[in-house]
Amino acid sequence: MSISLLVVGHANTGKTSLIRTLLRQQNFGEISNQAGTTRHVESVAIKVNNKTLLTLIDTPGFEDSIGLWEARQQAPFDQYPGNRWIAPFCQSHLAEDHFEQEAKILKQLNQCDIILYVIDIRQAPLGKYLDELTLLASASKPIVPILNFSASDSVHLASWRQVLAERHLHAVVRYDSVAFYFEDEKRLYQSLQSLMPDHYDDIETLLISREEAARSRKTFAIDNLANLLIQAASSRKVCDRYPPAPDDATAFEQQIRQLESQFIHSLLTLYEFREEDVMPAAFSVQSGQWQQDIFALDTLKAWGVSTGASAMTGAAIGAGVDVMTGGLSLGAATSLGAILGASWQTGRHYKDTLKSKFTKRHYLCADSATLSLLCLRGLALIAHLDQRGHASQRAFTLNKQDDNDTNKTIINAIKPLWKKARQHPEWATQSLPANHALKAAMTEQLLEIAKNH
Ligand SMILES: Nc1nc2c(ncn2[C@@H]2O[C@H](COP(=O)(O)OP(=O)(O)OP(=O)(O)O)[C@@H](O)[C@H]2O)c(=O)[nH]1
Ligand SMILES: [Mg+2]
């Protein structure tokens with residue numbers, strides 16, 4: 001049998017939200033800012049490998065706990081000790097009339113293993129909440145208070161801790177269903193382990209599976225970001241003049257934006273969020289003219305020129321290219337390699353350079369500012385989704401990122417890699433395998449950055 005957790009609390013304290021976050025699902029129940037959103041009891045299972053480890057039971061909120069406490073203290077219910085008042089109360093006319101919502105909660109009390117009492121810590125521990133705690137305590141089930149809305153400081157935190165301690169409720173868990181921290185959730189599960197030692201291993205299995213899922217999501221997200229940066233850096237658009245005609249510039253911008261949209265889409269799917277959860281603010285793609293620096297060591301290496309003689313050979317190539325006139329054919333260009341004595345394996349990089357030089361064609365490519373922006377926005381999105389609770393209702397705006405020192409350091413670490421990617425137009429439409437040298441280096445850098453981001 002799985003552990004059954006009854007999620008209770010005053011109306012609008014975030015009970016349904018808590019369940020959504022624990023499930024990592026946005027489609028459980030209804031949530032809203034209005035009190036009285038949940039009107040019925042609803043159960044849902046948390047499974048690992050098809051085995052149900054926990055059953056969560058959502059309930060309507062308490063609406064009139066002071067009235068309920070008074071009714072419990074009046075005849076005939078005052079005669080029943082402990083939890084014995086609950087059954088007759090649920091069969092009474094009071095349960096059908098005034099306390100219809102409360103009766104739905106009370107009926108569940110006998111069947112559950114643990115009560116999760118959800119508190120909105122933005123509210124002071126008023127009498128109505130204390131009455132709820134007293135009523136729940138009469139069921140003689142373990143209670144774990146959840147201090148919800150914990151992402152922001154609350155002046156009431158200390159007084160809540162005090163009133164809970166006075167009721168011997170020390171295993172209190174801080175939580176926030178919108179700004180989600182796995183460490184908080186871990187503490188909740190650890191409390192359950194100590195309350196139900198027979199289920200220790202099951203909960204441990206759940207914790208491990210949650211941790212593994214978070215790790216593999218992160219790895220996959222970073223892999224996607226590496227793909228985005230490599231593809232954006234290696235994307236080119238041929239145009240016959242520079243600066244480009246407006247149509248060419250627009251088509252190229254579209255190409256780059258499309259890459260980012262695909263990246264956002266795959267991350268939302270991965271983290272199980274919806275398209276409307278992220279609003280990518282528009283950004284302007286800045287494009288420069290693609291140029292191959294023929295004196296760069298990497299270029300020479302790609303041309304098969306030994307680096308020992310690089311400076312000289314590079315100069316010779318440069319001179320060779322400059323003295324040749326526009327009528328040069330690619331066949332003739334091939335002999336340039338022979339003139340220079342370089343071992344000729346240049347393939348398309350060399351041809352591209354010569355071709356653009358002699359056919360007066362230009363290649364547009366994303367400039368550094370655009371690639372920096374894509375990189376920083378990608379990292380910001382991953383950091384956000386890692387901590388976005390499934391109860392969040394506000395869309396995250398993916399904005400321009402600050403030009404601060406941390407971001408400059410990040411860009412300086414990644415830039416040399418996208419400079420290399422820029423020389424490989426054939427990578428624009430493929431995702432390189434994880435063991436590809438440049439992809440592996442990019443992924444490693446991004447993972448390192450994401451760890452501290
Ligand atoms: N910032 C923040 N908002 C939260 C948190 N938990 C819930 N909310 C918001 O609070 C509102 C109420 O959440 P619900 O989950 O509907 O609350 P409930 O207790 O199920 O409400 P009822 O079913 O009406 O009793 C929603 O707008 C949630 O987005 C939280 O931890 N932090
Ligand atoms: Mg609800």
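How many bridges join β2 to β3, and in which sense do the two strands run? Seven bridges join them, and they run antiparallel. Strands pair here if DSSP finds at least two bridges between them.

Some housekeeping. This is a predicted model: local features need pLDDT of at least 70, side-chain atom pairs count only at pLDDT 80 or more, and totals for chains, interfaces and linings use all residues. Residues are numbered from 1 along each chain as its sequence is written, while chains are lettered from A and ligands numbered from 1 in the order in which they are written. Helices (H or I, at least four residues) and strands (E, at least two) are DSSP runs, numbered from the N terminus.

Start with the sheet. It is open, it has six strands, and the order is β2-β3-β1-β4-β5-β6. The pairing is mixed. At the edges sit β2 and β6 (173-174), each pairing on one side only.

Now the individual pairs. β1 pairs with β3 in the parallel sense, over five bridges. There, L5 stands opposite L56 of β3. β1 also runs parallel to β4, joined by five bridges. G9 finds its bridge partner in V118 of β4. As background, side chains in a regular strand alternate between the two faces of the sheet.

Back to the hairpin of β2 and β3. Two residues lie between the strands. One point to check there is N49, in the loop between β2 (42-48) and β3 (51-58). Its phi is near 50 degrees, positive in a residue other than glycine. Is N49 buried or exposed? N49 is exposed, because 7 other C-beta atoms lie within 10 Å. The scale: 20 or more other C-beta atoms within 10 Å means buried, 12 or fewer means exposed, and in between is partly exposed, with C-beta atoms placed from the backbone.

Compare N12. N12 also has a positive phi, near 75 degrees, and is not glycine. N12 sits in the loop between β1 (3-9) and α1. N12 is buried, because 20 other C-beta atoms lie within 10 Å.

Next, α1 itself. The helix is mostly covered, with eight of its nine residues buried. They are K15, T16, S17, L18, I19, R20, T21 and L22. What do these buried residues pack against? They pack against β1, β2, β3, β4 (114-120) and β5 (143-148). Contact means C-beta atoms, placed from the backbone, within 7 Å. After α1 comes R24, with a positive phi near 60 degrees.

Ligand 1 has 24 residues around it; the closest are G14, S17, I31, T38 and G61. A residue is near a molecule or strand if its C-beta atom, placed from the backbone, lies within 6 Å of it. Helix α1 (residues 15-23) gives the largest share of that shell, three residues. By class, the shell has seven nonpolar, 15 polar and two charged residues. For the classes, Ala, Val, Leu, Ile, Met, Phe, Trp, Tyr, Cys and Pro are nonpolar, Asp, Glu, Lys and Arg are charged, and the others, Gly among them, are polar.

Now a helix pair. α9 (residues 200-234) and α10 (residues 246-270) pack at about 175 degrees, with axes 10 Å apart. Axes are lines fitted to C-alpha atoms, for helices over the stretch in contact, and angles run from 0 to 180 degrees between N-to-C directions. The two helices are therefore roughly antiparallel. The cut-offs: under 35 degrees is roughly parallel, over 145 roughly antiparallel, 65 to 115 roughly perpendicular, the rest oblique. On the α9 side, the contact includes R217, F220, L228 and A232. On the α10 side, I256, E260, F263 and L270 are among them. This contact has ten nonpolar, three polar and two charged residues.

Two last stops. A103 is in helix α5 (residues 100-109). A103 counts as buried, because 20 C-beta neighbours lie inside 10 Å. Leaving aside neighbours within four places in sequence, A103 is in contact with C90 and A95. From A103 to F89 is 14 residues in sequence and 8.0 Å in space, C-alpha to C-alpha.

Finally, the peptide bond from A75 to P76 is cis, with omega near 0 degrees. P76 lies in the loop between α2 (65-72) and α3 (86-91).

Definitions and conventions
Contact = placed C-beta atoms within 7 Å.
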